Amino acid sequence: MQLPTPSRGGGGADKAPSIPASENSNVVTLINVFTVDPSNQERLMDLLTRATDEFVSRAPGFLSSTLHRSLDGTKVTMYAQWRSIEDYQAMRGDPGPRPFLEEALTFAQFDPGIYTVVRSFAPAGA
């Protein structure tokens with residue numbers, strides 16, 4: 001089985017810094033799992049990429065995000081890190097990305113969660 005080639009957004013997706021997860025960090029992590037019909041997975045990834053490139057990545061307190069897709073086509077997951085919960089909530093109040101989310105909700109369901117790091121693991125001996 002050949003896996004589909006991921007699409008890339010504007011400049012932001014390729015240049016996102018890697019923020020190390022740390023138990024001592026105050027970084028807030030949003031993990032949002034979208035469930036979608038496989039025929040709409042690419043469409044959903046495009047909407048999320050555009051919303052992030054055009055609005056979310058420019059918000060104060062935004063640190064990074066990573067977009068994931070399931071191999072079976074039924075899920076898309078956005079992993080995003082924010083300086084604080086207040087920064088994330090302020091971005092949610094911005095009307096700019098709202099049309100992208102509203103369109104996504106016409107064909108996908110989502111299950112968001114806000115997290116902090118409890119423990120990080122690395123290969124033994126690293």
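**Notes on the sheet, helices and cores**

1. Ser65 lies opposite Ala80 of β3. β2 and β3 are joined by 7 bridges and run antiparallel. Strands are counted as paired if DSSP finds at least two bridges between them. Helices (H or I, at least four residues) and strands (E, at least two) are DSSP runs, numbered from the N terminus.

2. On the source: this is a predicted model, in which local features need pLDDT of at least 70 and side-chain atom pairs count only at pLDDT 80 or more, while totals for chains, interfaces and linings use all residues. Residues are numbered from 1 along each chain as its sequence is written, and side-chain values use heavy atoms, with hydrogens and water left out.

3. The open sheet has 4 strands in the order β2-β3-β1-β4, with antiparallel pairing. β2 (62-69) and β4 are the edge strands, each with a single partner strand, so one side of each has no neighbour in the sheet. On average, neighbouring strands of this sheet are turned by 15 degrees against each other, direction ignored.

4. The other two pairings both involve β1. β1 and β3 run antiparallel and are joined by 8 bridges; Phe34 has Val76 in β3 as its bridge partner. β1 and β4 are also antiparallel, with 8 bridges, and Leu30 is partnered by Ile114 in β4.

5. Which strands does α2 touch, β2 among them? Helix α2 (residues 41-54) packs on the sheet and touches β1, β2, β3 and β4; its direction makes about 170 degrees with that of β2. α3 packs on the sheet as well, touching β1, β3 and β4, and its direction makes about 125 degrees with that of β3. Contact means heavy atoms within 4.5 Å. Axes are lines fitted to C-alpha atoms, for helices over the stretch in contact, and angles run from 0 to 180 degrees between N-to-C directions.

6. In α3 (residues 85-92), Asp87, Tyr88 and Met91 are buried. They cover an arc of only 100 degrees around the axis, which puts them on the same side of α3; the arc is that of the directions from the helix axis to the C-beta atoms. Glu86 and Ala90, on the other side of α3, are exposed. Buried is under 20% relative accessible area, exposed over 50%, and partly exposed in between (1.4 Å probe, protein chains only). The cover over the buried residues of α3 includes β1 (28-36), β3 (75-82) and β4 (108-115).

7. The largest nonpolar core has 13 residues, of which Val36, Leu44, Leu48, Val76 and Phe107 touch the most other members. β1, α2, β3 and α4 (98-104) each give two or more residues to this core, and α2 supplies the largest share, 5 residues. A nonpolar core is a set of buried Ala, Val, Leu, Ile, Met, Phe, Trp, Tyr and Cys residues joined through side-chain atoms within 4.5 Å.

8. Leaving aside neighbours within four places in sequence, Leu48 contacts Phe34, Leu67, Val76 and Met78. There is also a second, separate core of 8 residues, including Val56, Ala59, Phe62 and Ala80.

9. Rings of Phe, Tyr and Trp (its six-membered ring) pair if their centres lie within 6.5 Å; planes under 30 degrees apart count as stacked, over 60 as edge-to-face and the rest as tilted. The count by this rule is 4 aromatic pairs. Trp82 and Tyr88 form an edge-to-face pair, at 5.8 Å centre to centre with 65 degrees between the planes. Trp82 and Tyr88 are both buried, and together with Phe62 they form one aromatic cluster.
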